[in-house]
Amino acid sequence: MSLAQPQTETQTQSRLEAETVSGAQLFVRCLRQLGVETVFGYPGGAIMPIYDALPDSGITHILTRHEQGAALAADGFARVSGRVGVCMATSGPGATNLVTGLANSFLDSVPVVAITGQVASPLMGTDAFQEVDVFGITLPVVKHSYIIRSTEEIPRVLAEAFHIAREGRPGPVLVDIPKDLTVNQIAADLPLPSFPAPAARPAPGVDVAAHAMSSAQRPLFYIGGGVEIAEVEHAMRSLAEKTGFPFVSTLKALGSVPTDHPRFMGMLGMHGKTAANLAIQESDLLIVCGARFDDRATGKLDEFAPHASVIHMDGDLAEIGKLRRADIALPGDLHANLTALAEHYSETDTQSIRPWLERCRDLCHKHAWDYNAPGDKIYAPAMLKQLSEMDDRMIISCDVGQHQMWVAQHCRFRHPRTHLTSGGLGTMGFGLPAGLGAKLANPNDLVVVISGDGSIMMNIQELQTLARYDIDVRIVLLDNSALGMVRQWQELFFDGNYSEIDLSDNPDFAALARVFGLKARTIDQRDQVDEALDWLMNTPGPSLLHVQIDPKANVWPLVPPGANNAAMMQGEQR
Amino acid sequence: MSSHFEIRFDHSEGALLRCLGLIQRRGYGVTEMAMRADPDGPVLTAAIEANGRSVETLARQIERLHDVRRVRNHADALPQHSLADAMRAFSRFLPILSRRLQPATEMGR
């Protein structure tokens, strides 16, 4: 007995020692258990223990050259994969550099978990070196946020953070962890909580909605980004096929609906297709699916779709009735509602909508894009269309500005999660880091970044990330030597008073890309396009095609700010 | 005209800040508020000026917050968490007394 007791204590003690890990090791183990394979980040003082635990964790860390690049790469990764994107930064400036990326994910409902190191708990609130209240700073731009207050909380907080980021309407979640908690020793076997999926039922009123659809004379689907988020593209397409109704989409839904479908009328809104905007104004029933009546989509809200009743389906109850009254509200699970709607619709007597379909066809025919721009300079819309038709499953990650709208108007998208665009926040600098995140999420897909000479300079440092990891992203840089969208607005709405939009002192972008280790070339004539695009598509490895276009090229059509969507301006093609 | 909300939170860091920030950011105004600690979590009662916006939409946006358990929109009730609250509720019938009781007296609770 006297011998047995010390033996047991020794065994117990050694087992405890074997099962004890640092908070940082526990943190990284939890990430791995939650399915994390890739993390984008940038190290620094307060997060060093977590970086110390990373190398043996099985997680691949991608070192971006700026924390904003990490946040936007995580965003792109999440958009393409449908999984939670993860980014990491240290306290203070590292954390504040994430903020734009988090706001971007928040406004486009992208599931991201951002991990920030924080100064040690005793130093919090003392203005310590690199201390900033990132919890407070990010409150308006995250879905939820945590400060971990004890090492024991790590598994619960991380499991909750990942759950919250992707459940319902997704969004970014911040996890701030003080340095001392990552150094503390703790038992290694703390369990991760799990969260059951809620039951999905169709909303009451689906039968009423189906009846309204059957009796409408000019029905139109208005499809938004919520379709891709809820992964209900198939159910959406089935309903569209079953009813035979024409459809328009928002910027974010391009790809959720195939843009070469014969009944697709185009993107609606400020730079939408004329046929789409006119059809909306003439329709008598809008079936809104996962869209939120954004001001860029509706134009003057009071005059938007003036003759239409509205059926509004959305996973987020708070969006229903926020800006436009819903005559029939179908909140909740989109899949359940779309499926039930299709079943009920089959059971109703449908009215012929042939005149409306003919009207829509006429609108599409009359307002088809014209690619015969005069002159020898490169006409960007035609080139982008040509590029997008060179591969069936090309992922296009675009930046923000005129080229973003040309991509939306003219590129062909046939598959969901292939059009990456900063729709809500309009973040210049989004395209390149999001594109590299997308390529890491789907290595087998061709990823092309479409950028502008203003946007590319916002995160130009990420060219080095492409080179460092040999991430095969192809970049098309449309260079008009100006901040083109601002220039267009100054031309149209500020009497041509061009203020701070001139970028004619741009660097030689091809030479710059080569310095970073990319292959690169420049073109400026229309007859060079075919050969240059062939080069881009058939040259493995990261590359950049610098395309000089007319500095006075504008995006048409354009609904002036505050006007109704039927009041589209049209101008000269360059 | 103000609407009166009762908002129940989980025990969660930053829940009040998150909620008040949302109300302000969405264009609504808080004209009175009081906080109390119930055993199952803090409770905020607030009089909210809608400034022409939809109160129902605000309630849904608050409900969407992860650490909000329940939102009730009381059309006619005033916050009544303290003696001062109760006196003010009663003083609606006594105009002079009501002017002496400033909402700021409860702000720190």
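**A tour of chains A and B**

Begin where the chains touch: twelve residues of chain B are in contact with eleven residues of chain A. On the chain B side, select helix 1 (15-25) and helix 2 (55-63), the elements that give two or more residues to the part touching chain A. By class, that side of chain B has six charged, five polar and one nonpolar residues. Please note that this is a predicted model.

Next, select helix 17 (residues 380-388) and helix 18 (residues 402-410) of chain A. Their axes come within 9 Å and cross at roughly 55°. An angle between 35 and 65 degrees counts as oblique, and helix 17 and helix 18 of chain A are therefore oblique to each other. The crossing of helix 17 of chain A past helix 18 of chain A is right-handed.

To view the contact itself, display A:Ala380, A:Pro381, A:Leu384 and A:Lys385 of helix 17; these meet A:His403, A:Trp406, A:Val407, A:Gln409 and A:His410 of helix 18. Sorted by class, this contact of the two helices has five nonpolar, three polar and one charged residues.

Within helix 21, A:Gly484, A:Met485, A:Arg487 and A:Gln488 are buried. These residues lie on the same side of helix 21 of chain A, because they cover an arc of only 160° around the axis. Helix 18 and strand 17 (447-452) of chain A are among what covers the buried residues of helix 21.

Technical notes
Residues numbered from 1 in each chain as written. Chains lettered and ligands numbered in written order. Predicted model: local features only at pLDDT ≥ 70, side-chain atom pairs only at ≥ 80, totals over all residues. Axes fitted to C-alpha atoms, helices over the stretch in contact; angles between N-to-C directions. Helix = DSSP H or I, 4+ residues; strand = E, 2+ residues; numbered from the N terminus. Parallel < 35°, antiparallel > 145°, perpendicular 65-115°, else oblique. Left-handed = near helix turned anticlockwise from the far one by under 90°. Contact = placed C-beta atoms within 7 Å. Nonpolar A, V, L, I, M, F, W, Y, C, P; charged D, E, K, R; others polar. Buried ≥ 20, exposed ≤ 12 C-beta atoms within 10 Å, placed from the backbone. Arc of directions from axis to C-beta.
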